[in-house]
Amino acid sequence: MAALLRSARLLKCSPASLLQVTGNTRHAPVAGRLYSGAVGTPHVGLCVRQTVPRRLNVNSLSSYTSALPYVSCRQYGVVPEQRGLVKDEPSVAVRSKQAQQFDWALAKLDSSVRRTGRVTKTLLLRIFHDICRTGYPSGNQALLMLRSCGSLLPEVPLVERIELSQRIWDKLQELGATYDVSHYNALLKTYLQNEFRFSPTDFLAKMEAANVQPNRVTYQRLIAAYCEVGDIEGASTILGFMKSKDLPITEAVFNSLVTGHARARDMDSAEGILSVMKGAGIEPGPDTYLCLLNVYAEKGDFAKIKQTLETVENADIHLMDRDLMQVVFSLTKAGHQQYVPEIVERMHHERGYVPDAMNLCLSLITHGHEETAFSVLKSFTGLLVQSQTSDSPDLGNFFLRHCVNMDKSVENIVGFCKDLKDSGLHSSPLQFTLQCALEAKKTGMAVELMRRMKEEGLPLRPHYFWPLFTHYQKEKNISVKEVKCFSCHDIHHIHTLAVSSPALPNVDLSAFRASLISGFRGFHNVELMAKITELLCKDPRFNSTEPETSENVAYFLYNLIDSMNETEVHSKEEQLREYFGLLRNMNISISLNIFRGIRNILESYQVPELVKDVLALVDKKDNGLENEATLLRSLEGKLSFLEKTLAELKAEGKTASSTLKKVITVLCAEEPTTIIRARKDSEVALDAQKYVALVRVLSKHGKLEEAIDMLKEMKEKDVQLRDGTISLLTLTMNTAAMKGDANSIRRLQETIFTLGLAKPSSNLCSPLITCYLERFVEFLSQERGEMMMLYDLYFAFLQTGRYKEARKIIETPGLRARPTRLQWFAEKCIAAQQMEPLENMVDMTVKLFECDRDDMYHYLLRLCKETNDWQKAEATWMKMQEENLAPRERTLRLLADILKNNDKEVPFEVPEVWFEKVKGQPEMFLEQEIKSSPLVQASPRKRVAASPPKEATVDDYRLKVLSLCKKGKAHEAYDMLKEAGSMGMVLGPAPYDTLIKALLAKGNIEDAMAVKNIATDHVPEFSLSDNANSLLIVSQVKRCQMKDALGTLKGMLQADQVPSQLAITRLVQGLASEGNTQDIQEVEALVKTLGSIKLSSMLFVNNAALAHIKNEDIDSAVELLESFYIQNTDNQKSSISFVFRKVLDANNDAALDKLSAMVERLCNHFASYRAATDLFLIYLDTGRTEEAKFLLQRCAAVNEQKDAMFTYMLRAAQQPGQAAKIKALSELIPDFTEKENIYSHLVKCCGLDKDFSSAKALYERMQAEGVKADELTLKRLALLYKEAGEPVPFEEPPESFSFYADKLKKQRSESMEPADS
Amino acid sequence: MAATAAGKKVFEVFVSKVPWTVATKEVKEYFRQFGQVKKCLLPFDKETGFHRGFCWIGFTTEEGLQNALQKDPHIIEGARLQVQKNRKPFSGRKSNKEAEDI
């Protein structure tokens, strides 16, 4: 290899001039020896460069591409927020308008790619448009756009994609985007991904003309381009040139050559490349084998495919589903569909499989292979997620829609529909397809589909034709009549259909529940009532077989009691008792929750005797728990009593599980033997937590054998361990570890693992991890998938330089990126200046699911910066291009900084710094700024406001103005603008708009309007953007110029602009403070026309009420709010806290009196509790505890609004100084949530307040009450103790805060499922 | 109990997630089971020719309204309707977060 590199070094000329003579094969043999000489086969040079037309109809090309045609890298650089299948989002239009800054749009693009692995053309165009409109596209935005024009658009035909990328390239260049080599490389990538045939010679010439030097990635992609068309000669010329420049020949080049030889119909050479690679010291990787698989697929050589897959497996190389999908694609395109099912069967269904498979389907459809696409679709329908909106199946919508968009034959589509319907995957595929056709205004297809529907006996309705009408009316198309005729004929048809249709839904219980309740309240015939109730509960005619049916009846009971007032209940007490008794005999049961609700009502009515009757209805299982729990609550800590209770229960032969659990919890800290005895006596099944608690206390007291016996018993009784309990076990072992008792740890671990109680996890093994790594690996091979452990191992291998093993681990199927773990390791490497492990980590995580690549490279560059290693930095940049990554600005800046520090040329445009960084690398930005401004030396402090130098161009001014605006120096920016104006410069709409916004943000309406006038003078069509107008409204409201503000709003709506949520909110609030109810109504009506703007539903109600109050017309306010709540009893989102707060702040007692009377009425007459809850919480929040207490007495149902209370506590605990409020809440409503919750939030508050003494008191109280603190709470407490310099009175949980926070989150989501403790 | 409101109010429910395949006639037919339907307003979009997916149903009696509200789920042609009490003909999208600052 080295020898050949030397021989190729003869070529010392510019790449362009070299390639301009590519017709001449002078250099080919030299380079040719390099890769084909080893296998001794002569290569066939196919010189097609000049003969391939610039544009071919790609659909007719059955060509293979090494660029992934539908598979995409899923990262732009932003961390993902959610995953899952998403539907098209119709609100894109409005929202994009609202968020004019394209930052939003870029995030949108990113999230689309992350969730679905694709972007839609509409979205891409919208973002492109936005970028154009702002007028100053940056380099990496351009990169991002170009990157999106390839395989991320599986729904777009290849020709269109190429047109799009060309358009974007030209337009952004026109707008002043600076292209560097990374852009050219990205463009090359789109050519490859879109199978675009181009002349590499021309491409290089284009680069040379732009004075951009090609780099390794450029050459690699050009080689790939030659290989695409089997032009080995062309490829070898470039290869030779790479050698002459001492550029490393990477795996990617060899992979291209595999394709190239195969395309040149030289399979022997293609296969031979693998041994050449090995000879050159490069191991063929998954991509190499994928290339090989693809060329076999192209040839239809399935035997070879199978053989290669076997080889791959034996070589322990992991091919991802995505790779296999590529093979499917190649097979299909080459007409060998018959082998597709066999490949599909081999898929592992890794993470991200479904979106990838959907994209495969879309690509296949786009390429005209819808039948194959359908067979692929059918292979993964089981994995598709049912949409939330419908109860009936609707799988395959994406497929049908794309078929319509691609104008597939109705024949085919109807076939797919039939199949989907027959296999129960879609309840109404034809209707859905018709909808798509109508939306796409495909009249012919729509009419044909309706014919088919009619044949199938599906109803056709007049309004099915309306979308076509509107279309034709707009187009003034002649065939209106045609459609009308068809329509009229079918309307007749429809009537006949409708009559014969038995589609009327069945009547069920809830339809007449309301009238039933009013009938019941008379209590004339209790027996009949009970019978009816039984019927409601048990008769399938009235209830589906869902498990919540009994719940329905329970609610019915609750509603019934709730609808009765105190006197009624008193007078009907006997009837009620009889009724409950009858229900009990009928085995009708209610849940504990409902019981609590009913109990509270009855207690508030002073009929506690009835509670017992209701209690008898409570589900037996729940009943026991509650009874004993309440018993215990009053007798906490009294051991003797507990034991007595236990004995009593035992004597009565009752199961005492929950009591026993309590006993154990209480005793755990004390003495183990008692418990064991007690437990053995009672033979009660314990849950995992109690068992582990026992294990813990036993091992703590040195009773190892008994602890192990306990574990064995768990196994025997098949007790499942969960995360929470496992961590308790870890704690147990950590205790032993602290004593240096390795033997105990080992014994416990062995028992746990051999019994299979828990999988070996990093937590469980960490006590021994350092000494017993080997054994650990054994566990690993049995128990792949324990993610945390895998990461631990991975890092351990990286650290010790065992990269092969590390790679094996990180390629574990199903493993996904854990950003915090990766960051941890990266930081460690950076701190210790260890480049090799870090570099290896970055390399190995290329294919890791959801790995943020930009983060990875940023770590690498940070280390480069530490060591000032510019060569490595440059190589890193190359790798980023190779990966086709669009880096974040910070990454580019860091790279530029490293290069500049070493006096190297920065080969790309450095993103402008709009604002000064607070933290990070401030010195670097400062330096940059100093360099760029010659005036700085003279007066460094004034450099920001300093004018650009005399010869400053319009661009300089524009940037300066924008930069000042971003820094919030609106006045300086205005001065700058005036200065530019005095020199006759016109800055363009974007800087004007930005400046106006900046001035408005300072409330400076006058200057803003002055700028607007300047702008209109220079740019006649200039108008304020949506955002600027919204800001104007806010400023006007601030100055109480309500009429002006309303005028601005109206103007915006006329100009089809969308005001921001804030602008509308402020305007309405302003109107309310003036008591202007009329204008509030007007705004409401105006805003209504906007449709989907995101406004709180309460904005108008609350402010209209406040306006009335302002006008001292409290009755109208009350009427408004009351009628609102009467109509919206179930609306939990309708908070009127704002009204209460305003009224309380204003000390408006008159209003408060009437409002609280209203609240009571709503509560007691209309079962609408929201208002009362709001008032209660506001009282609490403003320290009016007495009022809160009083309100609670009058509106007992507030007690039951536990969700609202819980939310209140959650929110309160996020700010300092709120502990007293939470305490007050828990005193007023002790059972609004579990004690553990209250304490943990209180501890959180103490942490925020840095209030150690309260925290200490809390902890002591928790101890006394036997409330178990979760690890996060312990962690918080420990911190407080340590900060106060006191010894921590418990074992501080070993992991980090975030670790336990995550764990808690996980536990919470798990406890949504039934819990056992 | 809502006697005060009975005089002037129409007993309206607001229905959303109406499937595109049904029109006024079908919706009205469906809601008839809960009580006499006085009006059914299902706005169509002039631009697209599709209805907007929501409608208002006015019952003649409070009972009809209550019956409709008590029933869950409402299924029409396989699609699940969302039925809620109508406040006023304002159809802005509900905010996800609590709106205490308004």
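Of the 102 residues of chain B, 51% count as buried in this predicted model. Chain A has 1317 residues, and buried ones make up 54% of them.

- For chain A the accessible surface comes to about 58100 Å², of which 51% belongs to carbon and sulfur atoms.
- Among the contacts in chain B with a separation of 6 or more, 64% are between residues 24 or more positions apart.
- In chain A, residues 24 or more positions apart account for 69% of the contacts with a separation of 6 or more.

**Chain B: the order of elements and helix α2**

- Reading from the N terminus, the elements of chain B follow the order α-β-α-β-β-α-β-β.
- Helix α2 of chain B spans residues 24-31, and its buried residues are B:Glu26, B:Val27, B:Tyr30 and B:Phe31.
- Looking down the axis of α2(B), you find these buried residues within an arc of 125°, so they line one face of the helix.
- The cover over the buried residues of α2(B) includes the strands β1 (11-16), β2 (37-41), β3 (54-59), β4 (74-76) and β5 (79-85) of chain B.
- Helix α3 (62-70) of chain B is also part of what covers the buried residues of α2(B).

**Chain A: two helix pairs to look at**

- Two packed helices are described by the angle between their axes and the distance between the axes.
- Helix α58 (residues 1061-1073) and helix α59 (residues 1077-1088) of chain A pack at an angle of about 160°, and their axes are 9 Å apart.
- That angle makes α58(A) roughly antiparallel to α59(A), since angles over 145 degrees count as such.
- The crossing of α58(A) and α59(A) is left-handed.
- On the α58(A) side of this pair, the residues that meet α59(A) are A:Ile1064, A:Leu1067, A:Val1068, A:Leu1071 and A:Ala1072.
- Their partners in α59(A) are A:Asp1079, A:Ile1080, A:Val1083 and A:Val1087.
- Helix α22 (residues 410-422) and helix α23 (residues 429-439) of chain A pack at an angle of about 140°, with axes 9 Å apart.
- α22(A) and α23(A) are therefore oblique to each other.
- In this second pair, A:Ile413, A:Val414, A:Cys417 and A:Lys421 of α22(A) meet A:Pro429, A:Leu430 and A:Thr433 of α23(A).

**Backbone details worth a check in your viewer**

- Most residues other than glycine have a negative phi, and most peptide bonds are trans.
- In chain B, a cis peptide bond joins B:Asp72 and B:Pro73, with omega at about 0°.
- B:Pro73 sits in the loop between α3 and β4 of chain B.
- A:Arg265 is not a glycine, but its phi is positive, near 60°.
- You can find A:Arg265 in the loop between α13 (251-263) and α14 (267-279) of chain A.
- With 74% relative accessibility, A:Arg265 counts as exposed, because the cut-off for exposed is over 50%.
- A:Gln833, likewise not a glycine, has a positive phi of about 55°.
- The loop that holds A:Gln833 lies between α46 (819-832) and α47 (835-844) of chain A.
- At 43% relative accessibility, A:Gln833 counts as partly exposed.

- A:Thr994 belongs to helix α54 (residues 989-1001) of chain A.
- A:Thr994 has 17% relative accessibility and therefore counts as buried, the cut-off being under 20%.
- From A:Thr994 to A:Leu1024 there are 30 residues in sequence and 9.8 Å in space, C-alpha to C-alpha.
- A:Leu728 is part of helix α40 (residues 723-738) of chain A.
- The relative accessibility of A:Leu728 is 11%, so A:Leu728 counts as buried.
- A:Leu728 and A:Val695 lie 33 residues apart along the chain, and 9.5 Å separates their C-alpha atoms.
- Leaving aside neighbours within four places in sequence, A:Leu728 is in contact with A:Gln689, A:Val692 and A:Arg696.

Technical notes
Residues are numbered from 1 along each chain as its sequence is written. Chains are lettered from A and ligands numbered from 1 in the order in which they are written. This is a predicted model: local features need pLDDT of at least 70, side-chain atom pairs count only at pLDDT 80 or more; totals for chains, interfaces and linings use all residues. Side-chain values use heavy atoms; hydrogens and water are left out. Buried means under 20% relative accessible area, exposed over 50%, partly exposed in between (1.4 Å probe, protein chains only). Helices (H or I, at least four residues) and strands (E, at least two) are DSSP runs, numbered from the N terminus. The arc is that of the directions from the helix axis to the C-beta atoms. Contact means heavy atoms within 4.5 Å. Axes are lines fitted to C-alpha atoms, for helices over the stretch in contact, and angles run from 0 to 180 degrees between N-to-C directions. Angles under 35 degrees count as roughly parallel, over 145 as roughly antiparallel, 65 to 115 as roughly perpendicular and the rest as oblique. A crossing is left-handed if the near helix is turned anticlockwise from the far one by less than a right angle, and right-handed if clockwise. Accessible areas come from the Shrake-Rupley method with a 1.4 Å probe; for residues, only the protein chains shown count as cover.
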